[in-house]
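The entries follow the order of looking.

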Amino acid sequence: MGVQILMPALSPTMTEGKLAKWLKQEGDAVKSGDVIAEIETDKATMEVEAVDEGTLTKILVAEGTEGVSVNSPIAELDGGGGAASKGAAPGADTAMPQHPAPPAAASPAVGEVAKQAEDYGTVAQRGTDRKEGAAKMGEAAAAPEKDWGPTKPMTVREALRDAMAVEMRADDKVFLMGEEVAQYQGAYKISQGLLDEFGPRRVIDTPITEHGFTGMAVGAAMTGLKPIVEYMTFNFSMQAIDQIINSAAKTLYMSGGQLGCPIVFRGANGAAARVAAQHSQCYASWYAHVPGLKVVAPWSSADAKGLLRAAIRDPNPVIVLENEILYGHTFDCPTAEDFIVPIGKAKTERAGRDVTIVAYSIAVTWALAAADELAKQGIEAEVINLRSIRPLDSETIAASVKRTNRLVTVEEGWPYANIGTEVAMQVIEAAFDWLDAPPVRVCGKDVPMPYAANLEKLALPTTAEIVDAVKRVTYK
Amino acid sequence: MAQAAETAGAKRRTRTAKEAPMTRDQLLQAYRDMLQIRRFEEKAGQLYGMGLIGGFCHLYIGQEAVVVGMQACLEPGDQVITSYRDHGHMLATGMEARGVMAELTGRAGGYSRGKGGSMHMFSREKGFYGGHGIVGAQVSLGAGLAFSNWYRESRNVSLTYFGEGASNQGQVYESFNLAALMKLPVIFIIENNKYGMGTSVERASASRDLSKNGAPWGIPGEQVDGMSVMAVKEAGERAVAHCRAGNGPYLLEMKTYRYRGHSMSDPAKYRTREEVQKMREQSDPIETARKMLLEQGATEADLKKIDDEVKAIVQEAADFAQSSPEPDEKELWTDILIEEAR
């Protein structure tokens with residue numbers, strides 16, 4: 001039984017090529033791996049190696065022939081025996097198709113195949129069929145915020161620490177890793193006291209080596225541990241962004257659901273004060289762009305505690321964008337032991353009928369201040385605290401815009417492709433007919449952060465700018 | 001024969017006794033495993049030529065002794081992670097040829113249901129953590145697997161493979177530092193096949209002895225004849241024992257060679273045909289093992305039987321990879337996030 005040798009595709013784009021030279025002649029013995037011919041592709045001259053063994057009985061395409069189609073027979077081999085030589089090329093019985101058969105056509109045992117596929121992917125819970133999009137935005141009425149009962153004043157810093165402590169007590173797989181998190185008690189004192197309670201195995205000081213320790217934490221998460229990686233600030237996560245995106249966010253998909261990555265990346269995001277361009281950047285837009293990541297940005301102590309707890313429990317990689325200026329601010333925070341804020345739910349911090357202001361992180365402070373100012377002028381603003389950047393609570397936003405008919409977004413990030421852009425576009429897609437004015441974005445100026453105090457102030461959004469924006473959309 | 005390198009952490013070692021690192025049965029198994037990888041890769045190359053495999057496809061032909069020798073040192077629970085030249089590693093860990101081949105053809109029966117491809121396959125059951133397409137990224141991930149062993153206080157080790165090209169990446173050295181600092185049980189294995197794509201190691205690395213690249217951190221290192229499964233096994237046992245004893249990381253530089261191009265579309269003009277031919281004729285790991293087996297009393301018929309069995313497995317894999325359907329269109333939207341039960 002003979003085997004046909006086919007014109008191979010030697011690059012992803014090759015459809016035909018020139019048979020430049022035969023290195024074996026009719027009658028020659030051929031072993032696996034022998035170079036039998038040279039072929040000029042669209043990119044280069046390549047060598048063709050034999051896969052099957054036997055004697056070259058016939059050359060079908062003379063050397064020098066141009067335009068030989070991929071998969072057309074170029075020679076015949078008299079099979080030297082062996083269990084598998086017959087079927088080595090599907091053309092052995094002359095039924096060789098010019099092009100690969102459509103995959104589904106030649107599948108007598110689909111059920112078996114599906115079962116096989118199921119067997120490989122039994123470890124992680126399978127993701128459910130989901131399609132994102134703004135189509136259903138606004139259809140569901142926003143669920144009311146749960147009342148968690150008594151509260152007590154607490155700083156954002158304490159709330160973050162408590163969230164980690166509670167989850168670490170509950171689950172030994174949770175640990176904290178980062179620069180200065182242990183003995184120094186945290187560069188911003190977020191991890192104060194955690195080393196004392198949990199010891200050096202679970203509160204781990206790393207060297208200044210973001211790329212390395214992020215990769216290490218992601219690898220640990222792939223085995224089922226639940227790392228919390230603290231970046232002193234998110235600016236330094238740029239050193240490690242490949243591991244966050246290419247390894248943490250994509251592996252579940254690339255593994256067909258086998259290998260999840262339950263990990264939290266957290267730290268201070270955005271501008272602090274007078275630390276200039278390299279230390280004052282908002283990463284919300286960067287990380288929110290990536291399927292496979294969740295991104296949250298707490299504003300209050302309750303947000304911080306509830307969202308961080310949810311992030312640690314989440315089986316997916318979650319980015320927690322904190323704000324250094326807010327760390328020392330005090331808010332009332334529920335004292336209930338099981339208090340948690342679900343990821344994906346925005347919170348209406350202030351109700352109003354005239355305009356919807358969507359903000360996140362420290363911009364919520366500015367938006368609320370603007371709303372106070374606007375109220376004095378007779379404009380009632382509704383302020384929505386996003387809390388979760390991805391997934392975005394489109395329902396709450398759209399429901400609000402359908403009542404107010406006006407949208408202003410506020411954030412400290414740069415204007416180009418920022419979160420306000422996404423919010424506005426989703427509103428346009430879902431509630432265009434309800435809009436009485438084009439949405440307006442108030443955001444950081446499109447410049448690297450300057451150092452000089454006056455310039456820095458100019459670079460960041462202000463309450464006055466928000467008030468102006470609201471007046472524009474309300475035509476006041 | 002393994003040649004030890006002098007490092008801060010390890011004294012020069014030489015083989016003192018002529019004890020064989022593998023029994024005849026073990027060598028027979030290694031021969032079979034190497035042959036299966038070789039035949040699998042040849043078949044993959046053929047399917048690529050037929051347009052059934054797309055994109056990048058990096059073949060492991062020539063380097064088989066490295067993974068087969070190292071795998072022989074492992075215990076259940078040990079982990080393996082590598083780069084995109086990963087088919088051999090998967091087969092060595094015991095992953096099924098059919099599931100790997102069907103992933104190469106992008107079918108539902110593949111290990112990643114067709115969503116990962118040649119460079120992205122995983123099997124937690126077999127301790128195989130990928131399959132990573134970004135050069136060097138798997139090195140810190142591999143340190144993370146070892147971290148997990150450290151954290152759980154298990155005696156397992158992580159085999160972290162990377163090429164000599166990747167060995168110049170910064171995160172490799174970050175990982176060396178972290179692993180040495182924390183005494184993580186990780187064996188860093190540099191598969192030095194002499195070329196990072198088209199750039200020879202001499203043109204890419206100022207380091208002339210990569211086994212010493214961990215020396216500043218006190219990581220003991222050895223250069224190993226990666227074309228000899230015996231030498232690999234022998235060095236591997238030493239490295240694994242070092243890690244299991246809690247002594248921290250170990251570095252093995254495998255001197256090996258890939259016969260094929262970097263990927264399928266590489267014309268390999270950066271080296272001569274004679275150079276490749278010489279390696280094939282004088283140092284082929286499978287031929288070497290075959291000769292040793294014959295010297296030890298195996299018959300041609302014994303080996304022919306293995307050849308036939310391996311060919312049948314690979315052919316079955318190829319058939320499965322063509323008959324398995326493409327993934328359901330719904331798969332586009334699955335496995336992006338693990339959804340909580342709703």
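I take helices (H or I, at least four residues) and strands (E, at least two) as DSSP runs, numbered from the N terminus. This is a predicted model: local features need pLDDT of at least 70, side-chain atom pairs count only at pLDDT 80 or more, and totals for chains, interfaces and linings use all residues. Residues are numbered from 1 along each chain as its sequence is written, and chains are lettered from A and ligands numbered from 1 in the order in which they are written.

Entry: B:Leu35. I looked up its place and found it in helix α1 (residues 24-49) of chain B. Is B:Leu35 buried or exposed? B:Leu35 has 22 other C-beta atoms within 10 Å, so it is buried. My cut-offs: buried means 20 or more other C-beta atoms within 10 Å of the residue's own, exposed means 12 or fewer, and partly exposed lies in between; C-beta atoms are placed from the backbone. I then listed contacts (C-beta atoms, placed from the backbone, within 7 Å). Leaving out residues up to four places away in sequence, B:Leu35 touches B:Ile286, B:Ile306, B:Asp307 and B:Val310. I also checked B:Pro285, 250 residues from B:Leu35 along the chain; their C-alpha atoms are separated by 9.6 Å.

Entry: chain A overall. I count 13 helices and 22 strands in chain A. Of its 476 residues, 52% count as buried. Among chain A contacts between residues at least 6 apart in sequence, 76% join residues at least 24 apart.

Entry: annotation. UniProt has "domain: Lipoyl-binding" (unreviewed entry) at residues 2-78 of chain A. UniProt positions are in the numbering used here, feature names are shortened, and annotations may be inferred rather than shown by experiment. In the model that span is 0% helix and 55% strand, and its end C-alpha atoms lie 5 Å apart.

Entry: a helix pair. In chain A, the axes of α2 (residues 156-170) and α8 (residues 301-313) come within 8 Å and cross at roughly 25°. Axes are lines fitted to C-alpha atoms, for helices over the stretch in contact; angles run from 0 to 180 degrees between N-to-C directions. α2(A) and α8(A) are therefore roughly parallel. From α2(A), the residues in contact include A:Val156, A:Leu160 and A:Val166; from α8(A), they include A:Ala304, A:Leu308 and A:Ile312. The contact of α2(A) with α8(A) divides into 9 nonpolar, 1 polar and 5 charged residues. Here Ala, Val, Leu, Ile, Met, Phe, Trp, Tyr, Cys and Pro count as nonpolar, Asp, Glu, Lys and Arg as charged, and the others, Gly among them, as polar.

Entry: chain A against chain B. The contact takes 71 residues from chain A and 65 residues from chain B. Which element gives the most to the side of chain A that touches chain B? I found α4(A), with 10 residues. That side of chain A divides into 36 nonpolar, 28 polar and 7 charged residues.

Entry: backbone. A cis peptide bond joins A:Arg390 and A:Pro391, with omega about 0°. I place A:Pro391 in the loop between β20 (388-390) and α10 (394-404) of chain A. A:Tyr475 is not a glycine, yet has a positive phi of about 55°. I find A:Tyr475 in the segment after α13 (463-473) of chain A. A:Tyr475 counts as exposed because it has 8 C-beta neighbours inside 10 Å.

Conventions:
Angles under 35 degrees count as roughly parallel, over 145 as roughly antiparallel, 65 to 115 as roughly perpendicular and the rest as oblique. Two residues are in contact if their C-beta atoms, placed from the backbone, lie within 7 Å.
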